[in-house]
Number of protein chains: 2
Amino acid sequence: MTTPPPCSPSSLAPLSRVACIGGGVIGGGWIARFVLAGIDVKVFDPHPEAERIVAEVLANAERAYGLLTGAPLPPRGRLSFCATVAEAVAQAQWVQESVPERLDLKRRVLAQIDAAAPPEALIGSSTSGLKPSDLQEGLAHPERLFVAHPYNPVYLLPLVEIVGGTETAPGTIAQAKAVLEAIGMKGVVIAREIEAFVGDRLLEALWREALWLIKDDICDVETLDDVIRYSFGLRWAQMGLFQTYRIAGGEAGMRHFLAQFGPCLAWPWSKLTDVVDLDDALVEKIGAQSDAQADGLSIRELERIRDENLVGIVQALKASREGEGWGAGKLLADFERRLWSAAGDRRAPDAPDASAPLALVETRVSPAWIDYNGHMTEHRYLQVFGDTTDALLRRIGVDLAYVEAGHSYYTVETHLRHLDEAKLGETLRATCQILASDDKRLHLFHRLFAGPEGREIATAEHMLLHVDTQAGRATPAPAEVLARLAPLAEAHARLPAPPAAGRAVGQKRASLAATA
Amino acid sequence: MTTPPPCSPSSLAPLSRVACIGGGVIGGGWIARFVLAGIDVKVFDPHPEAERIVAEVLANAERAYGLLTGAPLPPRGRLSFCATVAEAVAQAQWVQESVPERLDLKRRVLAQIDAAAPPEALIGSSTSGLKPSDLQEGLAHPERLFVAHPYNPVYLLPLVEIVGGTETAPGTIAQAKAVLEAIGMKGVVIAREIEAFVGDRLLEALWREALWLIKDDICDVETLDDVIRYSFGLRWAQMGLFQTYRIAGGEAGMRHFLAQFGPCLAWPWSKLTDVVDLDDALVEKIGAQSDAQADGLSIRELERIRDENLVGIVQALKASREGEGWGAGKLLADFERRLWSAAGDRRAPDAPDASAPLALVETRVSPAWIDYNGHMTEHRYLQVFGDTTDALLRRIGVDLAYVEAGHSYYTVETHLRHLDEAKLGETLRATCQILASDDKRLHLFHRLFAGPEGREIATAEHMLLHVDTQAGRATPAPAEVLARLAPLAEAHARLPAPPAAGRAVGQKRASLAATA
């Protein structure tokens with residue numbers, strides 16, 4: 001393989017041009033992942049409604065991303081639809097094939113891609129079951145073809161199974177893994193090809209057993225789902241099968257667990273030797289039970305609930321291990337670090353706009369932020385204001401590395417005023433004005449605006465002290481931090497002081513008492 | 001069955017006396033669930049170290065509960081160890097059997113329980129595979145025996161599969177479900193008995209397939225675990241198999257999904273017709289791969305990480321649907337409502353201690369609250385202070401029902417001072433002093449103390465307004481709320497005013513500038 005092409009300045013990944021062949025639910029999810037990472041995407045899909053379907057998946061993905069992370073996404077990549085496969089792939093660095101699951105169809109489409117794409121372009125197939133060696137047959141450049149099998153919803157679930165065939169070059173696998181990592185996904189390399197790879201084989205085994213349990217009236221679909229989501233489903237969101245059993249084995253670990261539970265394998269616990277006949281009666285039974293379980297919620301509503309739950313779960317895992325993150329949460333934390341760093345590169349921090357407070361944070365009201373009044377909870381305002389302070393600190397060089405080296409700014413005092421409410425999903429924008437500073441102190445005034453009309457909903461006045469975190473006491477900030485702070489502070493000193501600064505709780509609100 | 005025995009005043013459940021026969025990891029988990037719900041538990045376990053093992057599980061459970069919920073647990077039930085089965089069960093209302101998984105042993109122990117327990121006592125078996133009808137043979141009162149199969153860690157995973165045998169009375173199943181619900185667990189009734197019930201059959205099917213994939217070197221255990229936890233594991237923490245596939249079917253729903261994916265069942269995707277031979281070589285292979293995956297983390301460390309992740313996931317699901325909760329999170333929200341209500345019953349709100357501010361909140365620093373400095377994040381202080389305000393409001397009758405009826409108190413202004421830091425797991429205690437009030441306004445001063453020595457780490461001064469939430473404007477509180485507020489406000493008016501009240505940000509801190 002040749003070396004990766006030069007990186008686009010606005011893209012997070014070591015590529016900037018992708019082609020997606022097939023734009024259904026899976027193809028649309030791929031398109032969203034690439035476009036939101038700042039990569040230009042050309043799409044070919046003969047379906048008459050392809051543009052509408054892709055637009056819907058992209059809107060879902062953008063909403064979910066907005067809830068998932070407050071880190072700054074790069075400018076969206078350009079999305080365009082092409083009339084032929086050849087046109088879509090002509091300049092692509094990565095081609096993702098997501099056409100229906102039929103070997104003959106996939107081979108035909110892959111042959112077109114292979115003929116029209118640059119010879120060094122990577123070709124990933126979204127197949128969930130076909131072996132890559134079978135897909136490679138007859139290609140002129142089979143060494144750049146591999147399976148990249150994602151999971152629905154592709155824009156939220158990070159997993160991609162990467163599987164090479166007999167002709168796949170090792171460099172192809174390594175490049176694919178690097179690209180996926182750069183756009184926030186988790187490329188997991190399957191060592192040997194096998195039909196259905198790993199995830200779908202596990203799912204298929206469980207699915208067959210589930211169908212028997214429903215057919216034999218052991219339970220209905222809602223009960224079976226509840227058994228999963230109140231027990232091992234919770235476990236598997238963070239540790240898989242083997243690590244869970246390692247813990248169950250206690251201090252003696254995995255070998256002890258196997259010695260204890262191995263014999264169960266020979267018990268007659270499973271009907272899996274037979275394949276259940278999915279006849280009309282069983283389809284209707286499952287369909288009716290599934291309707292009852294949905295309890296009036298439409299697919300769209302279930303989808304929204306699922307996405308918000310996944311967002312919450314990944315965010316919870318991001319907070320694991322004292323903020324280091326675990327599993328899908330660590331992946332998000334790492335991705336956000338790169339997003340912040342890329343956003344920093346896009347900015348010109350040395351030439352601040354002196355005519356207005358700094359616009360530092362843009363985010364959205366997350367479902368987890370809503371209280372029993374239906375509004376954004378009190379402490380989430382302070383979370384956004386805290387993020388605003390952090391954004392200012394990063395701009396003057398006080399970042400994670402600075403903190404790890406033993407110094408930081410600590411907030412010692414805060415005054416919040418609530419002026420209006422924010423609702424679920426609303427965009428939020430926070431600004432910061434430096435009121436005063438010296439070598440130890442930083443006196444800030446933040447304002448928070450909501451919605452497209454930008455109505456002011458809260459203000460925060462903060463006093464921070466520069467501290468030696470080991471000694472636990474205030475100490476002057478170093479010259480390089482003060483040097484970055486100075487031009488901002490000087491510019492802000494020329495702005496009018498906010499009338500609400502310097503107030504105590506209840507002050508200037510005495511007039512309300514008269515109307516009480 | 002007779003009617004349930006009278007409720008203990010300190011217990012959440014319709015029973016107050018439980019016996020646990022067997023106190024290993026599963027038995028210990030049951031003991032923790034009951035004791036933390038305020039139920040007295042008598043234990044029989046002949047293991048010489050039973051007391052130590054149970055104490056360890058109980059400590060883990062108490063720590064996890066402390067992280068999971070800020071709601072007030074009832075006073076712990078009494079835990080005592082007995083020398084015989086007969087002594088343990090003599091006065092029990094529920095007996096939980098958790099002895100090793102051998103039919104002959106279980107039958108012998110159940111016969112002892114049956115003979116010595118009151119005839120109306122419920123008997124639950126923790127068996128993970130044996131049919132309840134096989135366990136009922138020879139009992140004098142088989143109608144009160146059922147399977148109550150929990151999942152590890154029992155103190156965090158809410159699921160209990162309830163399975164009746166041929167002799168089990170319908171009332172037994174209903175009573176068992178009600179008791180489990182009362183202590184915060186999810187009793188799911190399996191309609192027909194079958195070996196291994198539902199959860200373990202599903203797990204077994206997937207486990208067999210997983211062993212084949214490892215044996216055949218398709219992937220190693222870490223890759224297999226990653227495939228699970230970066231994809232369907234995240235899905236299954238909140239929706240099960242069928243609801244997930246219903247969404248995948250799109251607007252056409254479940255029947256469409258089955259038509260589309262049903263044919264895969266006939267594909268040769270699974271080796272499940274054979275049982276893998278778990279010989280020494282395979283055990284050693286899995287053991288070595290599992291060691292590599294653990295990457296130096298001990299079982300204890302993995303256990304702690306798992307528990308904290310589960311806490312975070314359940315809390316995320318509790319925030320779902322704008323705070324209504326979903327799945328395990330809704331279960332927690334409902335449980336917490338009952339805890340708060342039970343705590344309210346235990347208090348005497350009409351006779352407040354006038355000599356000190358009200359102690360309203362006790363909680364613990366959760367892993368999700370820690371920032372990159374290693375301390376409790378800024379906005380979590382406001383979360384605890386917000387909970388303190390909510391606790392005061394409930395005490396004057398402003399609870400969820402009051403808010404749903406159209407009125408509430410909104411915070412309009414807050415002043416926070418940070419005096420010291422809090423670390424992971426530290427206990428926190430918050431007090432509230434009413435500084436002033438009128439028919440619309442409530443002016444509060446909270447103080448937050450950390451650790452056993454109760455060092456003061458923060459204060460919060462709040463101004464709240466009573467509002468008509470529909471109209472979105474301030475309105476006088478009704479007479480019954482003001483009547484509950486009055487005695488508290490009068491008592492607090494006699495306390496000295498906190499010196500920090502009424503201050504603006506930066507005020508009285510000017511002296512620091514001189515030392516800068």
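Predicted model: local features only at pLDDT ≥ 70, side-chain atom pairs only at ≥ 80, totals over all residues.
Two residues are in contact when heavy atoms of theirs lie within 4.5 Å of each other. With that meaning in mind, 100% of the interface residues of chain A are also interface residues in chain B, so the copies meet through the same surface.

**How the two chains are related**

- Chain A is superposed on chain B, with an RMSD of 0.1 Å, by a rotation of 180 degrees that has 0.0 Å of shift along its axis.
- The two copies are thus related as by a two-fold rotation axis.

**An annotated domain in chain A**

- According to the UniProt record, which is an unreviewed entry, the annotation "domain: 3-hydroxyacyl-CoA dehydrogenase NAD binding" covers residues 18–192 of chain A.
- In the model, this span of residues 18–192 of chain A is 39% helix and 21% strand, and the C-alpha atoms at its ends lie 27 Å apart.

**A helix contact between the chains**

- Helix α8 (residues 221–229) of chain A packs with helix α10 (residues 241–248) of chain B at an angle of about 110 degrees, and their axes are 7 Å apart.
- Because angles of 65 to 115 degrees count as roughly perpendicular, α8(A) is described as roughly perpendicular to α10(B).
- On the side of α8(A) the contact is made by A:Val221, A:Leu224, A:Asp225 and A:Ile228, while α10(B) brings B:Leu241, B:Phe242 and B:Gln243.
- Sorted by class, the residues in the contact of α8(A) with α10(B) are five nonpolar, one polar and one charged.

**Helix α2 of chain B and its partners**

- The axis of helix α1 (residues 25–36) of chain B comes within 9 Å of the axis of helix α2 (residues 50–68) of chain B, and the two cross at roughly 50 degrees.
- That angle makes α1(B) oblique to α2(B), and the crossing of these helices is right-handed.
- Among the residues of α1(B) that take part are B:Val25, B:Gly28, B:Ile31 and B:Leu36, and they belong to a contact in which α2(B) supplies residues including B:Val54, B:Leu58, B:Ala61 and B:Tyr65.
- By class, the contact of α1(B) with α2(B) holds ten nonpolar, two polar and two charged residues.
- Helix α2(B) also packs with helix α13 (residues 299–318) of chain B, at an angle of about 35 degrees and with the axes 9 Å apart; the crossing of α2(B) and α13(B) is right-handed.
- In this second contact, B:Glu56, B:Asn60, B:Arg63, B:Ala64, B:Leu67 and B:Leu68 of α2(B) meet residues of α13(B) that include B:Arg300, B:Glu303, B:Arg304 and B:Val311.
- The contact of α2(B) with α13(B) has, by class, five nonpolar, two polar and six charged residues.

**Backbone details in the loops**

- In chain A, the peptide bond from A:Asn152 to A:Pro153 is cis, with omega near -5 degrees, and A:Pro153 lies in the loop between β6 (145–150) and β7 (159–164) of chain A.
- In chain B, a cis peptide bond joins B:Asn152 and B:Pro153, with omega about -5 degrees, and B:Pro153 is found in the loop between β6 (145–150) and β7 (159–164) of chain B.
- A:Ala196, a residue other than glycine, has a positive phi near 70 degrees, and A:Ala196 lies in the loop between β8 (186–190) and α7 (199–215) of chain A.

Definitions and conventions. Residues numbered from 1 in each chain as written. Chains lettered and ligands numbered in written order. Heavy atoms only, no water. Least-squares fit on C-alpha atoms with pLDDT ≥ 70 in both. UniProt positions renumbered as here; feature names shortened; annotations may be inferred. Helix = DSSP H or I, 4+ residues; strand = E, 2+ residues; numbered from the N terminus. Axes fitted to C-alpha atoms, helices over the stretch in contact; angles between N-to-C directions. Parallel < 35°, antiparallel > 145°, perpendicular 65-115°, else oblique. Left-handed = near helix turned anticlockwise from the far one by under 90°. Nonpolar A, V, L, I, M, F, W, Y, C, P; charged D, E, K, R; others polar.
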